[in-house]
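Hello,

I am handing over the model we talked about.

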Amino acid sequence: MRRSNEMVSPTVDLLKEQLPVQQEPLVLSGDVRTGLVLVDVVNGFCTVGAGNLAPKQPNKQIAGMVAEAVRLARAFCERKMPVFAFLDTHHPDIPEHPYPPHCIIGTDEANLVPELQWLENEPNATLRRKDCIDGFIGSIEKDGSNIFVDWVQRHQIKSVLVVGICTDICVLDFVSSAFSARNRGILAPLEDVIVYSRGCATFDLPVHVAQASKDLIAHPQELMHHIGLYIATGRGAKVASEVLFAA
Ligand SMILES: [Zn+2]
């Protein structure tokens, strides 16, 4: 039996039926001030063979996410719409349990994928290295200010569109915190958080691989991506099936 991340599983289909995620196309017209948030589109999570948490072989969901992240980053910058990028980056002496060492500061793992390197010199983009899962927490400065909150206020952003990796980890935690912050009134004028499903991805650790090692816990990609979207909607997020720009 062929096993790959492209395998269609009747179990996953059944679970998707039980945990429905409503999705609609998003058309950006410029009427609502929208910012793009890129979560960890770095080599350490996206580039084949780049490290402990990078895909071991080409992965369709991750490659699709990178392509959409690049397309949207370009489209936002062309329109002078604000872009914010998180880059997972860790000090070698501060491990992030339960994950193995990854995205160590100064290595290429902690850098944006080659197709997004140009963002480093893009005045329209704000880059933030973070040493924890949740980008909202990772945006807190020593003086208590928050780089992400400042970005939202500076650009008067009403809606953020979130893409990146992993749907059920860094993306989900950031989205959840953004809603808590919004409800506490510290993220004005932000109203909406929209997660773009094809602009997000998660890693693949199939059950049959995990079962072969006592140290591994299964993380089936298609299912966990879906569950990430499902929980995000439970927190209040909208999910976009595609992202278009009005002429
Ligand atoms: Zn990390």
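A definition to start: two strands pair if DSSP finds at least two bridges between them. Helices (H or I, at least four residues) and strands (E, at least two) are DSSP runs, numbered from the N terminus.

This is a predicted model, in which local features need pLDDT of at least 70 and side-chain atom pairs count only at pLDDT 80 or more, while totals for chains, interfaces and linings use all residues. Residues are numbered from 1 along each chain as its sequence is written.

The sheet. Val39 stands opposite Phe86 in strand 3. Strand 2 (residues 34-39) and strand 3 (residues 83-88) pair in the parallel sense, over four bridges. They belong to an open sheet of seven strands, ordered 1-7-6-5-2-3-4, with parallel pairing. Strand 1 (24-28) and strand 4 (125-130) are at the edges; each has a single partner strand, so one side of each lacks a neighbour in the sheet. On average, neighbouring strands are turned by 35° against each other, direction ignored. Axes here are lines fitted to C-alpha atoms, for helices over the stretch in contact, and angles run from 0 to 180 degrees between N-to-C directions.

The helices. Helix 8 (residues 221-235) packs on the sheet and touches strand 6 (192-201) and strand 7 (238-245). Its direction makes about 175° with that of strand 6. The axes of helix 6 (residues 170-183) and helix 8 come within 10 Å and cross at roughly 0°. That makes the two helices roughly parallel (angles under 35 degrees). On the helix 6 side, Val171, Leu172, Val175, Ser176 and Phe179 meet Gly228, Ile231, Ala232 and Arg235 in helix 8. Contact means C-beta atoms, placed from the backbone, within 7 Å.

Loops to check. Two peptide bonds are worth a look. His97 to Pro98 is cis, with omega near 5°; Pro98 lies in the loop between strand 3 and strand 4. Ala188 and Pro189 are also joined by a cis peptide bond, with omega about 5°. Pro189 sits in the loop between helix 6 and strand 6. Lys80, a residue other than glycine, has a positive phi near 55°. Lys80 is in the loop between helix 3 (60-78) and strand 3.

Overall. The protein chain has eight helices and seven strands. Its C-alpha trace spans about 50 × 45 × 35 Å along the principal axes.

Best wishes

Terms used:
Two residues are in contact if their C-beta atoms, placed from the backbone, lie within 7 Å. Angles under 35 degrees count as roughly parallel, over 145 as roughly antiparallel, 65 to 115 as roughly perpendicular and the rest as oblique.
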